[in-house]
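Subject: Model handover

Hi,

Here is the model I promised to pass on. Please open it alongside this email, and my notes follow below.

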Amino acid sequence: MKRMKSNWVRLVVLFTVIFLCGCSIQVVGKERKVSHEDERYYQVMEKEYRSGLRNFLDEAGYYNSGINMTKVISPKEVAKGTANDERESQETRTYTVSIYNKKISQLDNVKRSELMSELVKMEVLMNGFDVSYEFMETDV
């Protein structure tokens, strides 16, 4: 009789462990799926931004500008319930946009400042992420 109770307890413990492992695997799987969806969202947003920036530079007369975007992804600690979007509560992204164009390299500081002001207006396409710009010196 004691042996039968002992086997019963072992069986219950085994099923409990299997159940808990199954639950944790399911949670990890959902977390990865959300991460891939988020990454696709960011890639589409970044692509649209680069396209809009390229169009703006072409219209301003700075054809064939080189554009390099560098991003820094940091975890964001937000008080529970204060984030507007689930993506906001997970991370924050900061972008540095480097622009290469010979005509821009030859501009004086006043004209560069005016161009920079126009570029800052384009940040609306980045959905509130921090964007900074730099003009790179080039001979090409």
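Val13 sits in helix 1, which spans residues 2-59; helices here are DSSP runs of H or I with at least four residues, strands are runs of E with at least two, and both are numbered from the N terminus. At 47% relative accessibility, Val13 is classed as partly exposed, because that class lies between buried (under 20% relative accessible area) and exposed (over 50%), with a 1.4 Å probe and protein chains only.

A word on the source: this is a predicted model, where local features need pLDDT of at least 70, side-chain atom pairs count only at pLDDT 80 or more, and totals for chains, interfaces and linings use all residues. Residues are numbered from 1 along each chain as its sequence is written, and side-chain values use heavy atoms, leaving out hydrogens and water.

Val13 also belongs to a nonpolar surface patch, together with Trp8, Val9, Leu11, Val12, Leu14, Phe15, Val17 and Ile18, and the patch has about 860 Å² of accessible area in total. Areas come from the Shrake-Rupley method with a 1.4 Å probe, and for residues only the protein chains shown count as cover.

Now the overall layout. The protein has 4 helices and 3 strands, running α-β-α-β-α-α-β from the N terminus. Of its 140 residues, 24% are buried. The protein exposes about 10500 Å², with 56% of that supplied by carbon and sulfur atoms.

The 3 strands form an open sheet in the order 1-2-3, with mixed pairing; two strands pair if DSSP finds at least two bridges between them.

Lastly, strand 3. Strand 2 (residues 91-100) pairs with strand 3 in the parallel sense over 7 bridges. Ile99 has Phe135 as its bridge partner, and Thr96 has Ser132. Strand 3 (residues 130-136) has Val131, Tyr133 and Phe135 on its covered face, while Asp130, Ser132, Glu134 and Met136 lie on the uncovered one.

Best wishes

Terms used
Patch = residues over 30% accessible without salt bridge, like charges linked within 9 Å, V, L, I, M, F, W, Y side chains within 5 Å. Salt bridge = Lys/Arg side-chain N within 4 Å of Asp/Glu carboxyl O.
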